[in-house]
Structure formats: structure tokens, C-alpha cells
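Here is a short note to read beside the model. Please keep the sequence and the 3D view open while going through the points.

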Amino acid sequence: MPIIFQTPNALLKTIATQAKAQRLAANLTRRTLAEKSGVAEASIKRFETTGQISFHSLLKLAFVLNCMDDFNRLFAEKPPRTIADLQTTSRCRGRL
């Protein structure tokens with residue numbers, strides 16, 4: 001898997017571009033997507049042009065566009081990469 005470094009603003013715009021491509025591939029207008037998702041059409045337009053949207057609205061759009069699985073990997077626990085990683089136990093907050 002290649003490592004890609006993006007700034008938060010660049011990633012916002014990348015996600016917005018990909019979401020717009022998914023919307024167009026599903027042959028949905030902004031108005032139709034707004035009706036199906038419950039997200040205001042103006043919010044969808046702002047998202048597609050600037051990348052700005054609330055997380056809750058983004059999840060609603062992802063649900064309608066059938067992209068919810070992509071969020072399951074967000075902040076997922078990373079698998080160990082070395083034997084030393086397997087042997088060390090991480091400390092949980094509040095536990096000794």
C-alpha cells in the first residue's frame with residue numbers, strides 16, 4: 001500500500017471530488033442526493049466545491065452513496081508489524 005501524505009485541506013478536497021464522482025456515477029443530481037440523504041442541497045454544493053461538511057452529514061451522504069465501509073477503517077487498530085510489537089502489551093487508561 002503506497003503512503004500518501006496530504007494536508008488536511010488537500011484531503012478534504014480529494015474526498016469531496018471522490019464523493020462528487022460517486023454521486024455522478026450513481027446518476028444522482030445534488031437535489032436527488034439531498035432528498036435521499038436528508039442533507040441540504042446547499043450543504044452538498046458547499047462540500048463538493050470546498051470540502052467543508054459536518055461529519056454527520058458526510059456519513060449520511062456516504063450511506064446513500066454506499067460508501068459506509070470506508071469509514072470502518074478510520075482509526076482502526078493497526079496490526080503489529082514486528083515480533084516486539086506482539087510481545088508488548090499496551091497500557092489502557094485506568095488500568096495498571
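**Notes on the structure**

1. A search of the whole structure turns up four salt bridges. A salt bridge here is a side-chain nitrogen of Lys or Arg within 4 Å of a carboxyl oxygen of Asp or Glu. This is a predicted model: local features need pLDDT of at least 70, side-chain atom pairs count only at pLDDT 80 or more, and totals for chains, interfaces and linings use all residues. Residues are numbered from 1 along each chain as its sequence is written, and side-chain values use heavy atoms, with hydrogens and water left out.

2. Start with the overall plan. The protein chain has six helices and zero strands. From the N terminus on, the order is α-α-α-α-α-α. Helices (H or I, at least four residues) and strands (E, at least two) are DSSP runs, numbered from the N terminus.

3. Next, the totals. Of the 96 residues in the protein chain, 20% are buried. Buried means under 20% relative accessible area, exposed means over 50%, and partly exposed lies in between (1.4 Å probe, protein chains only). The accessible surface of the protein chain is about 8,200 Å², and 57% of that belongs to carbon and sulfur atoms. Accessible areas come from the Shrake-Rupley method with a 1.4 Å probe; for residues, only the protein chains shown count as cover. Among contacts in the protein chain with a separation of 6 or more, 39% are between residues 24 or more positions apart. Contact means heavy atoms within 4.5 Å.

4. How do helices α1 and α3 meet? Two packed helices are described by the angle between their axes and the distance between the axes. The axes of α1 (residues 8-25) and α3 (residues 41-50) come within 7 Å and cross at roughly 125 degrees. That makes α1 oblique to α3. On the α1 side, the contact is made by Lys-13, Ile-15, Ala-16, Ala-19, Lys-20 and Arg-23; on the α3 side, by Phe-47, Glu-48 and Thr-50. Axes are lines fitted to C-alpha atoms, for helices over the stretch in contact, and angles run from 0 to 180 degrees between N-to-C directions. Angles under 35 degrees count as roughly parallel, over 145 as roughly antiparallel, 65 to 115 as roughly perpendicular and the rest as oblique.

5. Look at Arg-23 in helix α1. Is Arg-23 buried or exposed? Arg-23 is buried, because its relative accessible area is 5%. Arg-23 forms a salt bridge with Glu-48, and the closest N and O atoms are 2.6 Å apart. Arg-23 lies in helix α1 and Glu-48 in helix α3, so the pair ties together parts that are 25 residues apart in sequence. Both partners, Arg-23 and Glu-48, are buried. A network of salt bridges links Arg-23, Arg-30 and Glu-48. Leaving aside neighbours within four places in sequence, Arg-23 is in contact with Leu-28, Thr-29, Arg-30, Leu-33, Glu-48 and Leu-65.

6. Another salt bridge joins the side chains of Glu-41 and Arg-31 (3.5 Å, N to O). This pair links distant parts of the chain: Glu-41 is in helix α3 and Arg-31 in helix α2, ten residues apart. Glu-41 is partly exposed, with a relative accessible area of 34%.

7. Arg-73 and Asp-70 also form a salt bridge, with the closest N and O atoms 3.3 Å apart. Arg-73 counts as exposed because its relative accessibility is 58%. Asp-70 is partly exposed, at 45% relative accessible area.

8. Now the α2 and α4 pair. Helix α2 (residues 30-37) packs with helix α4 (residues 55-64) at an angle of about 105 degrees, their axes 9 Å apart. That makes α2 roughly perpendicular to α4. Leu-33, Lys-36 and Ser-37 in α2 meet Lys-60, Leu-61 and Val-64 in α4.

9. Lys-36 sits in helix α2. Lys-36 is exposed, with a relative accessible area of 57%. Not counting residues up to four places away in sequence, Lys-36 touches Leu-28 and Val-64. The C-alpha atoms of Lys-36 and Leu-61 are 8.7 Å apart, and the two residues are separated by 25 residues along the chain.

10. Finally, the surface. Which residues make the nonpolar surface patch? Phe-55, Leu-74 and Phe-75 do, over about 390 Å². Patches are made of residues with over 30% relative accessible area and no salt bridge: like charges are joined within 9 Å, nonpolar side chains (Val, Leu, Ile, Met, Phe, Trp, Tyr) within 5 Å. Phe-75 lies in the loop between α5 (69-72) and α6 (83-87). Phe-75 is exposed, at 78% relative accessible area.
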